[in-house]
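Here is a short report for a first look. Please keep the sequence and the 3D view at hand.

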Amino acid sequence: PTARLAHTAAAAVARRPSLFRARGPTTVRAGLFDGLFGGAAPTPGAAAKETEPVPTWTELLDEASSKPYYWNELTGETSWVPPPTVLQTLLPNPGDNNQLSDEAYYRKITAQADASGGTVRDFGDIQQFPVMYDGWFATEHEWMGADGETPRKVSGDVAKGLGRQIEAQMVTAVQAALADGVTRMEVRFDCVPNLEEVDLGTALNQKFSVEIREDMGLGEKKYKTEIRRNLVDWANHHWARKLAAALTSLDLSVFIQHCSQTDFSKANTLCENIWVGRLGRAPRILAAGDVGVVVNPGVEDQWKKALTFSAPDSPLIYLNSISGGWTYELGGPIKEAEQIYYMKRVSKGWIFRCYPGPWQALVERPDGSVQVLATYEKRPLLRDASKVVREYSFEKFAIFNDRYAKGFGGRL
C-alpha cells in the first residue's frame, strides 16, 4: 500500500500543479517565523544530490535563511510549505501500531474509489489517528512519570513519522476539501494533548505551552502565566496560525476570527495575508480568495454569525469548537458544514475522520495506543459508534482500561 500511495501521490500532484506554485514576494514582520514566507523559495543549486534518485518533491536547505524548502524536479516549482506528497512522510506507515486494517482493507477502499469514478488521494484515503501524544508536538520533550516512574518522552521527530501529525493531517485534509470545492468545513480535535485535564496542568500540557510560546515569539517569562492560564485559547490560536500559514501558500488571504476575549496581539505576525481579530470585526465581508477561520465557536448564534460575514464562494472553516454548538451528535449546528478533520473522545476511545477518508471508531488501549474497530462511509450516530468502542473495551480489557486509575490501565 505504501508504494501504491507514493505512485498515486506523484500522479495526483502532477494533475494539480497549481496547488503549490512558486510564490512571489511577501512582506514578513520580525518574529520567530522570519524567513518562512520571506519571498519565493530559492532556486535549487548544488544542494540537490545529483548522484541519488530525486523524488518529485525534494527538501533542500536555503543557505541564506537556514530554512528548508521544497523543489519539484519535474516542474521547477519551489515552495516553503511541504506539498501533500511531503506531508505524507510526516504520517506513520499504514501498517504501524496495528492502527489500520490490513492490506485487504486498503484494496477495498481503492476498489470503492474506482467503482465510483474516484481516485485514491495523493495523501491516501486512509489516514491514521495521531500517535498519542507525539502527534501534537514539533520537538522532543521528556518528563518524569508519576510516583517516580521511568521518565517518558514524546518525540517530535518528523523523520520517524512522529511529531506534527495533527498539523500535517489537518492541512492536507483542508487542502483536499478546497480542491473539491467544499466551502463550509468543520475541523475539530483536542487542541492540547490532555484536553479533559487542562485545568489540572498536566506535564504534557505544560510542555506544549512551551512550544506555543516559542512558536509565537513569547519566550519571555512574563508570558508564561498568561498562556498557562488561557491555554485552550492560545493553543487554538497556535493551530489557527498553522492552518493559515499553509493556506496563504495557495495565495489566499486568511482571516482568523476568535470567539474568545483573549488578546493575541503580542504574538509575532506570520505575514501580511493573515488577519487576526474577533468574530464580526473583520475589515470586510469575505469574498472569493479569502478564507475565514472561526476559532472555538460556542453557541449556535456564533456559528450563524460567521456565515453572515462570508460570501457563499468564500471558504469558511470552524476550528475546534469545544462545545460543538451545544449539539450532542458529531458535528456542529451548521448542516452544510462538512467535518473535514474530526477527532472526538468517547468513553474508552475516539471517533475520527480525515477527509476524504471514512469515519473510524477507535479504542484506546491500556498501553496508550489506538486500534480501529469500525469504519463508516457516512457520518455515524455518536451513540452507535461509542457503543462499539465501549463494548469492545469491556470485552477485551474488562475494568483494566481506565485512563486515570493506577493499576487499572492508568496512563496519565
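## Strand 10 and its partners

This is a predicted model. Strand 10 spans residues 316-319. Strand 6, residues 184-188, runs parallel to strand 10. Four bridges join strand 6 to strand 10. In one of these pairings, glutamate 186 has tyrosine 318 as its bridge partner.

Strand 9, residues 290-295, also pairs with strand 10. The sense is parallel, and there are four bridges. Here glycine 292 stands opposite leucine 316. From strand 9 the chain passes through helix 8, residues 300-308, and then reaches strand 10. This β-α-β crossover is right-handed.

## Two covered faces

Side chains in a regular strand alternate between the two faces of the sheet. Which residues of strand 10 are buried on each side? Leu316 and Tyr318 are buried on one side. Ile317 and Leu319 are buried on the other.

Serine 310 sits in the loop between helix 8 and strand 10. Is serine 310 buried or exposed? Its relative accessibility is 7%, so serine 310 counts as buried; the cut-off is under 20%. A polar atom of the serine 310 side chain lies 3.2 Å from the backbone oxygen of serine 314.

## A nonpolar surface patch

Phe394, Ile399, Phe400 and Phe408 form a nonpolar patch on the surface. Together they have about 420 Å² of accessible area. One of them, isoleucine 399, is found in the segment after helix 9. Helix 9 covers residues 382-397.

Notes: Residues are numbered from 1 along each chain as its sequence is written. This is a predicted model: local features need pLDDT of at least 70, side-chain atom pairs count only at pLDDT 80 or more; totals for chains, interfaces and linings use all residues. Side-chain values use heavy atoms; hydrogens and water are left out. Patches are made of residues with over 30% relative accessible area and no salt bridge: like charges are joined within 9 Å, nonpolar side chains (Val, Leu, Ile, Met, Phe, Trp, Tyr) within 5 Å. Accessible areas come from the Shrake-Rupley method with a 1.4 Å probe; for residues, only the protein chains shown count as cover. A salt bridge is a side-chain nitrogen of Lys or Arg within 4 Å of a carboxyl oxygen of Asp or Glu. Buried means under 20% relative accessible area, exposed over 50%, partly exposed in between (1.4 Å probe, protein chains only). Two strands pair if DSSP finds at least two bridges between them. A crossover is right-handed if, with the strands pointing away from the viewer, the path from the first strand over the helix to the second runs clockwise. A polar contact is a pair of N or O atoms within 3.5 Å; within protein, one must be able to donate a hydrogen and the other to accept it, and residues adjacent in sequence count only if both atoms are side-chain atoms.
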